[in-house]
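Have a look at the sequence and the 3D structure below. Then we'll go through a few "how do you know?" questions together.

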Amino acid sequence: MYYNVYGEKVSKRRFKEMCDAAKNRRELIAAGLTSRRDLFKMGLLTAGGMLVAKSGLSARAQGQSGGGNNTSPGTQQLCQVGNQAQSPQTKPFIDPLPIMPLTRRVSSLSPAPTLNPNVGAGEVRAAAFQAPQIDSSRFPIVPGTLYEVFQRQFTTRQSSDTILPPQTIWGFDDGSGPRSPGPTYRAFYGRPQIVRNHNALPATTQVNNTGFGMPQVTTHLHNAHNPSEADGNPCDFYPSGKFCDQYYPNVLAGFNSTNTPDGDINESLATLWYHDHRVDFTSQNTYKGLVGFYCLFNNLDTGDDESGFRLPDFPQHDIPLAFADKVYDPTSGQLVFDLFNLDGILGDSFLVNGKIRPFLNVEPRRYRFRMLDTGPSRFYEFFLTGNIGGAGNPTTNSFWLIGTDGNLIPNPIQVQSVRIGPAERVDVIIDFSKFAGKTLYLENRLNQINGQGPVPLDSQLFPQNGTQTECANLGGPGNTDAILPANFNNGQNLILQFRVSGTAVTDNSVDPATNPTFYQLPSTHADPRIVRTFKFDRLNGQWSINGQFMDCGYGNGGRGGESTETFRFAVQQNSVEQWLLTNLTGDWTHPVHIHLEEHQILSRNRSAPTVPADQGRKDVTQLHPNERVQLFFRFRDWLGKYPIHCHNVVHEDHAMMAIWHVVPQGDNILVP
Amino acid sequence: MADLTRRKLLSWTALTPLAGATAAVAGTKGKASVQSSQPTVSELARQRIQQLHLPNVPLFTHEGKRVMFYDDLVKNKAVSLNFFFAKCDEICPLVTANLVKVQKLLGADVGTKIFMYSLTLKPEEDDVAAIRHYREMFHAKPGWTFLTGKPSDMELIRKGIGFTYPDPAIDKDKTQHIGNVRYGNEPLMLWGACPGMAKPSFVAESISWMIHLDRPGPGIKSEPGA
């Protein structure tokens, strides 16, 4: 079966023509022959603007109405969806869902970790470990839990359908071989650990680059309450051949401030992820594979279904799912990345845990899924769809939301769907017990046609005008509804298939319908020391925050000068702040991420948040068009530098980021 | 226009891309141009970037010299690229003045390891004399070339390097033109961008990444534990 970019069926012959057309178009571009006038002069274009060739040259199906000049070169013309040739269409549901193995521990590191960066041994780290300086018995310089991972280039299949060749990508290797997503950390509160993180990527040469990716890395542990030197700051990247010891204290927020000595249990984190954060190149490097999960447990969220909250047991029935959308060259089948895009990149091939549209055999019982949107720019709204191919309509089945951004909410909420944007996570429980012998799907029914964000926005969910988009003239089926119908486009949006076995099993895990209580939300009543405003804007195509751009300062290695790090503002250690995020970019949605501390959403456009996903603890907040969102923070325990940025990583890489720092005495800059 | 005939073009529309012709345009020799041997993933990737983003169109420098954009200016080089027009009174002078400081910070690397290019958005107004005058106004040093050309060719480059808006109406408004500086290392296929109005020190830092791949990030201080 072959499809054009609209998801419409086309003949094999037509598909071949589309692929050839893409090639032809590139050759015309290369020859400088893309202006209509040139083509007209050459007798290749009719007065009506149609190419005279009987077929080829246009990547879109013939007879397609609507705009789109397919001789346009360059990046995908975002209001012209026909401008991008479709990736090779692999057969779905032929590969089992990869389950990432748990990261292997090592018994020792050689040389042993040191308080200050061990420059002589090849370590690159911004500063000394903070935790051992606070309490060396709780946080010894060499803690009991050690890991050593190597970031490597490797070749793998992203579908076993041979229409797609093997792909050369980047991943993490804990000694069991490189993989992407990397191995999953199983971490525990109260057990500090060091990850010795080597950059073993090939130093860039002409022969090993696959067309994108910067082999300099800084691995961010997303959502962690971590000291800044272990945070994976975008400006702290290191080249091939170097390593960084990242000290993860695995300690609750408040341990050294508001809630000594153990921290606030209501700040417990659960589903974290790690990813590369190299400034200006994060989108390329994460797209190339540098992502993985970090699951954090305690004596309540134990990973054991017979203790604590009795959530499904990890890792057998508690499964991380990393979603990614990618593009493959229609001719060579190689993974490609649009290096010149400023707006946001959408793929037409959906991967879960590194495979395109896989299947998972499940038992008829409850599972916990930790769902992560790894980006670069797509938002998802997942439904649990059943009865595909059966008599009657597809069914939409409810499930349970138990965590937002990976953190357990006070009580489970029964939902029909969950929406996540880049870098956001949701934890859900799906009860397959009533589906024994059946097949179900996770289906993304959110309509998104470009990097702006989902369009048009759902006015039911968000109080704003829902119809205006920069690409409002697109029209046509599937381009006007916020939520697409179930099984739309012959099931193109069915991303993960669940095959439920028919044999009943014992299930010790808690039934969400009994309304168990997890944590309470921390209080947001404290008075802020300061209320700061952050305006997300675009100035002459340059993404900005408060009219300013990302700045790491000037490095020490370039012109021989000292590093001149510049911080946009200073947060006072152990203080409360409120941040107002304002979106001045018209129709764009920005998933805004703030490091170090989670936040709670106090209001959207002055109204209390209503959707379940807004009511928990968050580290990414979707800033919708024309919105002002009010966030509550407590900045505790650690000192040092952290970023605030848009996690549409294409925007992030084009300067929609600011570095601030935590110091004993904060400043009073209201609009940093 | 390249020396192509209508006949040759029609032969392309006959659905047989000419690998040899493509390679010749791309300036890549060797394996890629031989149909019988498979180009490597890396060669394909470089070719794809050239074909989609770095058109090999003729341009004129501020000295009136005719050059080919890909072959002469970008191929096998580390470069910075930005757009301006001489009569632009808002963003362009800010960006150009910023780039003057950037050139100073990059020092002797400009013209030897890094090549700076500023391309006009209004070639119909900005002839060779106009861009030369503009360049002299800012006292740009050698290694920083200002360029004009046929409007359709300039447009091809602008779209190629992604300096476009999704909304066609905004895209046509040259006062809102993209103020970014694109930096890249063509043979290594490294491409990034930063705002032309960012601090000159950070623009210079960003461009210099293209030739200093072995050095840690600017957030790393030279003294351990600092």
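Strands and helices, term by term

Gln151(A) stands opposite Asn199(A) in S6(A). This is a predicted model, where local features need pLDDT of at least 70, side-chain atom pairs count only at pLDDT 80 or more, and totals for chains, interfaces and linings use all residues. Residues are numbered from 1 along each chain as its sequence is written, while chains are lettered from A and ligands numbered from 1 in the order in which they are written.

Q: How do you know that strand S3 (residues 145-156) of chain A and S6(A) pair?
A: Two strands pair if DSSP finds at least two bridges between them. S3(A) and S6(A) have seven bridges, in the parallel sense, so they pair.

Q: What makes S6(A) and strand S10 (residues 243-248) of chain A a pair?
A: They share six bridges, in the antiparallel sense, and Gln193(A) stands opposite Tyr248(A) in S10(A).

Q: Why is strand S6 (residues 193-199) of chain A called mostly covered?
A: Five of its seven residues are buried. Of the 672 residues of chain A, 58% count as buried.

Q: Why is H5(B) called oblique to H9(B)?
A: The axes of helix H5 (residues 91-106) of chain B and helix H9 (residues 200-208) of chain B cross at roughly 55 degrees. Angles under 35 degrees count as roughly parallel, over 145 as roughly antiparallel, 65 to 115 as roughly perpendicular and the rest as oblique. That makes H5(B) oblique to H9(B).

Note on methods:
A residue is buried if 20 or more other C-beta atoms lie within 10 Å of its own, exposed if 12 or fewer, and partly exposed in between; C-beta atoms are placed from the backbone. Axes are lines fitted to C-alpha atoms, for helices over the stretch in contact, and angles run from 0 to 180 degrees between N-to-C directions. Helices (H or I, at least four residues) and strands (E, at least two) are DSSP runs, numbered from the N terminus.
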